[in-house]
There are 2 protein chains.
Amino acid sequence: MAQDDTHDPARRSWVDSANDPACDFPIQNLPYGAFSTGDGAVRIGVAIGEAILDLTALEAVGLVRPGGETAVFDQGVLNPFMALGPEVWTETRRQIAGLLEAGVEERLRAPLEAALVPQAAAQMHLPVFVRSYTDFYASKEHATNVGSMFRDPENALTPNWLHIPIGYNGRASTVVVSGTAIRRPLGQLKGPEDDAPRLGASARLDIELELGALVGTGNPMGQPVSTAEAYEMIFGYVLLNDWSARDIQVWEYQPLGPFQAKAFGTSISPWVVTRDALEPYRCPTPPRERELLPYLQEATPNNFDIRLEIDLAPAGGTPVTVSRTNYRGMYYSAAQQLTHHALSGCAMGPGDLLGSGTISGESPESCGSLLEMTWNGRDPLDLGGEKRGFLQDGDSVTLRGWCEGAYRIGFGSCEGTVLPAPEAPGAPGD
Amino acid sequence: MAQDDTHDPARRSWVDSANDPACDFPIQNLPYGAFSTGDGAVRIGVAIGEAILDLTALEAVGLVRPGGETAVFDQGVLNPFMALGPEVWTETRRQIAGLLEAGVEERLRAPLEAALVPQAAAQMHLPVFVRSYTDFYASKEHATNVGSMFRDPENALTPNWLHIPIGYNGRASTVVVSGTAIRRPLGQLKGPEDDAPRLGASARLDIELELGALVGTGNPMGQPVSTAEAYEMIFGYVLLNDWSARDIQVWEYQPLGPFQAKAFGTSISPWVVTRDALEPYRCPTPPRERELLPYLQEATPNNFDIRLEIDLAPAGGTPVTVSRTNYRGMYYSAAQQLTHHALSGCAMGPGDLLGSGTISGESPESCGSLLEMTWNGRDPLDLGGEKRGFLQDGDSVTLRGWCEGAYRIGFGSCEGTVLPAPEAPGAPGD
């Protein structure tokens, strides 16, 4: 794909904070989100430096109008805009960059400044209506680690793993925006020596560092897509924390896969970094160990070079960076995952969220879950005195991600704090 | 729960066809659906005999008004009405029964007759926006049969099965209304002796006879519910055919469960039979083989006695009834499934669809899938000359269900015809 001027590293914004090289949101980024201020109404905006450009306001006065006659920024979610398709996404991005660049026409400065909101004064909301959430399993290192612990170290990867982008349907109703507290789940727990399960709060609450791909345009039921089409169908990416209860998972997951161990909460970052903004950071997937079937092959580099970190902080404590990794090592790209998802004729559409799978590198310090970092709790992390095998109530987890190059494309952060488990539901007659 | 006059067997309707004892939709039933006629606008209605009472029209003129100031029958789906909760459902049912009974006030007859549409003149639509689809596995006979074929006949049931209502998240975007054709899925196929998978059309396309429970009211994230609460949260039930590709399933399903083998289509019947209408047919689940944890125990009989049949017809051929079974044998009720679903804190809400799992009895003629009836194709069915191990292109499948007692509560039917597979997506450069 040809570079356009939205990727010009020399471009500067009249919003000064966007020109700081350490800023996640320079004029080359322009991620979309949903926010509210005092009146509570949820609006669509673009992050620029330390501010938000209010697109709902600009659309109302006609300064941006991607949907023509039909407003698309007045619903509080990005789905109507996403449904307009890749050409409109690219053109709108070009327009917004033009409005934010240092050389914008003087007559536009007043209405644009009126539409600028400090991020510090805004509350962020879920940027899309998540129509569905599918979680994949695309890190070979993660699949190998989990297979070694839960199944057989000699055959850690299932035979299909090098052929299929393995995934399963997750739960969309509990996808929440960064900052939403996560309640420790109740579940059935059973140790290997126990005769029967008991009801209790998960004692092995974990995180999963992932990247989420948001599908923008869909395919009709019964009509598969190619990897090239799938790449274009993806609107953008977010950080994703797929909170997981390992003790619930190990007892429930045979034969139909993870269910309540993953259903209680999935956090995403509030800013959707567009696929357009990530273009300069495209890179290929790692070399194939088995040749893929033709429908999964890619003629272009569809992965991205994205640095990722996990911070963990006990209640009131100082955050410790417990993992540093990179998305580029994922064996399957989101385009391959989407292609496989639609292969059966499964209809995909705006607001479908695809989790990459836990992003793990080769060392414990580059893993995306505590399960792997601590080898199922055997080697607890040291958080400046406090030890952690798994999460305790009050712990806060923060994911961060960014691309480094001629400029920085940041994802901001994805944060969540653990609340104590709720009361168990009563038996009849209680 | 106290009986009310909506269950009075002596009650008759001024819609004559509703008084035929063989009719699925007497005045004691009153299932809800979404339909359109010539102008294409999707409306909400109640089935009565061979007709539909147009609730969208009656709401507009004020003859029914469950939402008070807010219209709930003008959205083309039942979700806004379902969100109003059990007391409103019961009261609305009582009102509609009053409008349809033989002794209705004379002054109402003209506006009511004007709102009556022949079912033969209506096209049916998906009655709800399916927010999510979860498929369970509650027939012990089915789980035992599948476990015997795909895993180990000596340990067919996984150890968790007698403790957990096992389920997994399915794909909501391909839930379709009865009458929608189903395209045979493409997928990765690999025989046990093959070195690598190939891409192809499923050769083991199957059906799964299930009952679908539609959640009407929800629970907030982080807040579990009791079985008594869960029972009340369910608005109604539909017939459900969970089309399945057994050859895709067997290669893909480890370790994270069924995915594309089930994603290409799920059919539901157009009429939602309310939980209120099923009250006289409540029955207990079968005796427990292991005591359930208290949160799953039930103080009331929460299953239903529903007779079920499957018809199979080759293209242009005569339908043959290939299975006769009953929902009453399911080991877990929908209330137990919903309680377990929410246990982790998973938020449930209007439009969540819970599939019961394939409904199978002890004999092949009472099984809910061809996989079981033919023992994975070994013993093909005889359809008056043609043999069937699995479905062929052009085959039509029809599910039927009804309760028998002082009157008949019918579900109508759920039909689907198999279309040939689509073309495979091209490799790069094709």
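Four salt bridges are counted between chain B and chain A. One of them joins the side chains of B:Asp195 and A:Arg290, at 3.2 Å from N to O. The model is a predicted one. Polar contacts across the interface of chain B and chain A come to 26 residue pairs, both partners at pLDDT 80 or more.

Strand 6 (132-136), strand 7 (167-169), strand 9 (182-183), strand 10 (186-189) and strand 11 (198-201) of chain B each bring at least two residues to the side that touches chain A. So do helix 7, helix 8 (260-263) and helix 10 (334-343) of chain B. Helix 10 of chain B gives the most, with four residues. By type, the residues on the side of chain B that touches chain A split into 41 nonpolar, 25 polar and 11 charged.

Next comes the extent of the contact. Chain B puts in 77 residues and chain A puts in 76 residues. About 6400 Å² is buried between chain B and chain A, and carbon and sulfur atoms give 64% of that area. B:Arg171, B:Leu256 and B:Phe259 supply 13% of the area that chain B buries against chain A, more than any other three residues.

How are the two chains related?

A:His341 sits in helix 10 (residues 334-343) of chain A. Buried or exposed? A:His341 is buried, because its relative accessible area is 0% and the cut-off for buried is under 20%. The contacts of A:His341 reach both chains. In chain A they are A:Thr134, A:Phe136, A:Asn169, A:Cys346, A:Met348 and A:Leu354, leaving aside residues up to four places away in sequence. In chain B they are B:Arg171, B:Phe259 and B:Gln260. B:Arg171 and B:Phe259 are also among the three residues named above for their share of buried area.

A:Leu353 belongs to strand 22 (residues 352-355) of chain A. A:Leu353 is buried too, with a relative accessible area of 0%. Beyond residues up to four places away in sequence, A:Leu353 touches A:Val130, A:Ser132, A:Tyr133, A:Thr134, A:Val175, A:Gly212, A:Ala213, A:Leu214, A:Val238, A:Leu240 and A:Ile268. A:Val176 stands 177 residues from A:Leu353 along the chain, and their C-alpha atoms are separated by 12 Å.

A:Pro66 is in a loop, between helix 1 (55-60) and helix 2 (79-82) of chain A. A:Pro66 counts as buried, at 16% relative accessibility. Its contacts include A:Glu59, A:Val72, A:Phe73 and A:Phe81. A:Ala10 is 56 residues from A:Pro66 in sequence and 26 Å away in space, C-alpha to C-alpha.

Back in chain B, helix 5 (residues 140-150) is mostly covered, with eight of its 11 residues buried. Among them are B:His142, B:Ala143, B:Asn145 and B:Val146. What do the buried residues of helix 5 of chain B pack against? They pack against helix 7 (246-252) and helix 11 (370-373) of chain B.

Methods
Residues are numbered from 1 along each chain as its sequence is written. Chains are lettered from A and ligands numbered from 1 in the order in which they are written. This is a predicted model: local features need pLDDT of at least 70, side-chain atom pairs count only at pLDDT 80 or more; totals for chains, interfaces and linings use all residues. Side-chain values use heavy atoms; hydrogens and water are left out. Buried means under 20% relative accessible area, exposed over 50%, partly exposed in between (1.4 Å probe, protein chains only). Contact means heavy atoms within 4.5 Å. Buried area is the accessible area (1.4 Å probe) that two parts lose on being put together, summed over both. A polar contact is a pair of N or O atoms within 3.5 Å; within protein, one must be able to donate a hydrogen and the other to accept it, and residues adjacent in sequence count only if both atoms are side-chain atoms. Ala, Val, Leu, Ile, Met, Phe, Trp, Tyr, Cys and Pro count as nonpolar, Asp, Glu, Lys and Arg as charged, and the others, Gly among them, as polar.
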